[in-house]
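Here is a friendly walk through one model, written to be read beside the sequence and the coordinates. Keep both open as you go.

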Amino acid sequence: MTRSKSPAHEPESESEARRPTGATGMRLIVPLQGVVQGRGGLILGSLIPCALFYFFQLYLKRHRSPKPDSNPTSPSQSSSNLADLQRSSSRSNLSSRGSFGPVRVSSRASSIAKPNDSPYYIGLDKVSEDPYDRVHNPNGIIQLGLSENRLCFDLIEKWLLENMKDSVIGTEGGDLSISGIAPYQPCDGLMELKVAMAGFMSQVVGRSVSFDPSQMVLTSGATPALEILSFCLADPGNAFLVPTPYYPGFDRDMRWRTGVELIPVHCRSTDNFILSITALDQAFNQTRKRGIKVRGILISNPANPAGNLLPRETLYNLLDFAREKNIHIVCDEIFAGSMYGSEEFVSMAEIIDTEDFDKNRVHIVYGLSKDLSLPGFRVGVIYSFNESVLVAARKLTRFSSISAPTQRLLISMLSDMRFTQAYIEINKKRIREMHDLFVAGLKKLGIKCAKSCAGLYCWVDMSGLICSYSEKGELELWDKLLNIAKINVTPGSACHCIEPGWFRCCFTTLSREDIAIVIERIGKVAETCKISS
Amino acid sequence: MTRNQQHLLSKIATGDGHGEDSPYFDGWKAFEVNPFHHTKNPNGVIQMGLAENQLSFDLIQEWILKHPEASICTSEGVNNFRDIAIFQDYHGLPEFRNAVANFMEKSRRNRVKFDPDRIVMSGGATGAHEMVAFCLADPGDAFLVPTPYYPGFDRDLRWRTGAQLVPVVCESSNNFKVTREALEAAYEGAQDANIRVKGLLITNPSNPLGTILDKETLRMVVSFINEKSIHLVCDEIYAATVFSTQPDFISIAEIIQEEIECNHDLIHIVYSLSKDLGFPGFRVGIVYSYNDAVVNCCRKMSSFGLVSSQTQYLIASMLSDDEFVNKFIAENAISLANRHKVFTEGLAQVDIGCLKSNAGLFVWMDLRHLLKEQTFKAEMELWKVIINKVKLNVSPGSSFHCSAPGWFRVCFANMDDKTMDVALTRIVAFVHQNKETTVPMKKKCWQTNLRLSFSSRRVDDIMMAQCMMSPHSPLPQSPLVRARN
């Protein structure tokens, strides 16, 4: 199997491997030439390091192969990888076809060609095979693994009926202009949409913060927004530090095509999974020792899956840290509007506004998939204070632009600030109601959740139910929940959580009755776990 | 930005892989600052460098008005709103894929069948090309591309992927046909330079030539790629802009349906609705591959450029309407044929010939006889004259990596009839003037300073203000002259 020629995309260990064998090679040739005089010595001296090198490569291949496959394939929790029979059938086609013969695809393609046994994929497949429906399939599997919000569609539908009657494709006024939306548009989004989006983001994070539309780049979803930033801020082989647990989609969005690495910075339940600068510093130094250049820190605030908020203090410390190490901060604030707790959300934009920080390092990612429940419309935002990043990102949006009819629709919707303000308030209220119901139900079962106040999910501590306090134990419980309780939740190991037993459970696609059923099912499994332990 | 801060960005961000620093900027800039308008600016520059189809908007507008249920924003369609709004599955709506497959079949006169499960979405054809390159090539690998070719390939296939393009030189002496010898020469050249060739990229119908690859050439290409065991990426984005059946368009899908020996895993088609339907703003790009691994990989990669579900839903309705699709394909062809005739006949009257073509939204104009000398320098000089004196933004052949100087691509479908008349008048006037005066053109000072510093912030602001994007221009934005039918 041939390897790619360019060293840029080769994993670290391979280049490291070359160095020692080269050195030992020299150390062998010289004395061998002394022992076995003349040409014989030369030949032996050349053969032995080659043989060593060959065997070393074989050893590496055997021990390295499982790793790169699992990570790029674990998709986002709340991404387009919805339960679908077709996807699993195309995968089985793949394995039945056998080898591809002499025709090869790129290493990026072949890394995901093999079927994936990540619990996340298995869960999704199972739900698609047997989806719960209150009427038609009451014994089906209930989906708690996708962070989607179905609580407020009625509000949007009502708005559409009141406002979009005359315009069939979401354009305003009576003058239908397909010629206004069909032609080429600026790839980083219409200015009118940027203005409307700036206003909306302001409402979401708190009126005191204002966003400048000219610092915005619009993309077809937060997924490409993250990838574009990764392409702009780091070269292949560089790394970002990411606090754990983190959204599994980062592994794909930041790493897959960019060749960039993600270095986990583990957070503890004792800190309520809030990042400690000490841990960050340690991770930075360890990474540097391995010869990897750290280009930035990637944080989610509000956090996914833990659902907590970063306190003001931590944000200040992060900025200080970034300045000291001369690195970037990418802040994913996609859940900013999905708050249900009483804590105050502090956006990075607010911190930057008020203090005299080096703004060039800060880049915010946002989108409408969570706060406005429009994941299908593919609307993402890069908000940066760095002009050079904006210039580069704008050019890159040609690969990921928002569809024009969607832009027009959103210009109308987001400009109606009365509607958006009401929507944000009602949405928070409904999320809170669901959250309280769910958490109360779990409490009755003796199951605690992490203290959280945002997101469409709870970060649930089921470590009391697992038999062995390990990833294996966690996955066994996950399997029981999937196949016996028939609920699909996301295990903490998929989010790189260092403490076993944590599960992310999304509750905003459920109705109140569904929640009761979920709690009941968990209860049954909890009983069996307690009996067996 | 300080040097220290400059180092904070990646090579991709700070490099010039975006291709926007080329001298072809000048034409777009000239149009930007002085765009033609019938009444407000009748002496402005007419945009003839943008391959866009504005001739059939009325058909689409009519359909949309008649079918409010196709939009999820109307009372007729709002019932589907929540399911569509939440739908982000990278497989795409099944109705959408079925409708696209249907349209692709119809624009190939139903001579082939497309499997909707092999259709993968992407962010426009731009995104589709990049996605295919990511799937087929590792950094450093190369694609062979026959010249002249669409300049956007330099960016789309190479910028973030790290792939290379190796030109396959086609000569004007045989109408730029792709020959076996040229393919072999390019392939061997790459081998000698130690470059691994991963695939061959052809555009059929061709951009910028507007010609159709004939059966023998297609068969030759298929046998070539099978011999060398390399992929074939066939960009068929202009498939439905074929306005006459002399010769008829043959899709690569047809060729491999025949008895020909071909490893289907090597065949991939890139498509989009930007040219055929005139919907570039919708960002609907399609990758159709006969290779399961590529479909699988592309599908996962499509997360970076999914088509908005709102758009998918609209397109699904529109393209499943067989009556509309048939009508559109037929009438669109007639409009294009008429416009092409008007333009080429107008040019012929002043002895300007074009490569004989029956597809695309442009002609490949032959101005070799107007060059002072047969060099690319002379071509650039002539081009500057056309932009500044004749006030037409056309695209010089060198920007398409053409092997011989003197050819220009001129787009005719992105304007109304009146503007077309004005453009022809100007060309006629210019040719007559040129014949009379033999005085060598003095380089005026305003001609030499056309290249603007790219780092100037004000330049960016002006560009943003005009706010239009086309993948063809080195300049990301350029306003359009809207067709007013």
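How much area is buried between domain 1 of chain B and domain 2 of chain B, and what share of it do carbon and sulfur atoms give? About 3,200 Å² is buried between the two domains, and carbon and sulfur atoms give 61% of that. Buried area here is the accessible area (1.4 Å probe) that two parts lose on being put together, summed over both.

Before going further, a word on conventions. This is a predicted model, in which local features need pLDDT of at least 70 and side-chain atom pairs count only at pLDDT 80 or more, while totals for chains, interfaces and linings use all residues. Residues are numbered from 1 along each chain as its sequence is written, chains are lettered from A and ligands numbered from 1 in the order in which they are written, and side-chain values use heavy atoms, with hydrogens and water left out.

**The two domains of chain B**

In chain B, domain 1 covers 7-57 + 326-431 and domain 2 covers 69-323; such bounds come from an automatic or database domain assignment. Taken over C-alpha atoms, the domain centres of chain B are 24 Å apart. At their interface, 35 residues of domain 1 of chain B are in contact with 42 residues of domain 2 of chain B, where contact means heavy atoms within 4.5 Å.

Which residues of domain 1 of chain B lose the most area to domain 2 of chain B? They are I329(B), N358(B) and H401(B), together 19% of what that side buries.

The interface of these domains has 18 residue pairs in polar contact, both residues being at pLDDT 80 or more. A polar contact is a pair of N or O atoms within 3.5 Å; within protein, one must be able to donate a hydrogen and the other to accept it, and residues adjacent in sequence count only if both atoms are side-chain atoms. The count of salt bridges between domain 1 of chain B and domain 2 of chain B, on the other hand, is zero. A salt bridge is a side-chain nitrogen of Lys or Arg within 4 Å of a carboxyl oxygen of Asp or Glu.

Helices (H or I, at least four residues) and strands (E, at least two) are DSSP runs, numbered from the N terminus. The largest share of that side, nine residues, comes from α14(B).

Over all chains, the structure holds 52 salt bridges. One of them joins K325(A) to D281(A), with the closest N and O atoms 3.4 Å apart. K325(A) lies in helix α13 (residues 312-325) of chain A and D281(A) in helix α12 (residues 277-289) of chain A, so this pair ties together parts that are 44 residues apart in sequence.

Chain A also has an open sheet of four strands in the order β9-β10-β13-β12, with antiparallel pairing. Strands pair if DSSP finds at least two bridges between them. β9 (448-449) and β12 (490-491) of chain A stand at the edges with a single partner strand each, so one side of each has no neighbour in the sheet.

**Backbone details**

| Cis peptide bond | Omega |
|---|---|
| T244(A) to P245(A) | near -5° |
| N301(A) to P302(A) | about 5° |

P245(A) sits in the loop between β3 (239-244) and α11 (249-255) of chain A.
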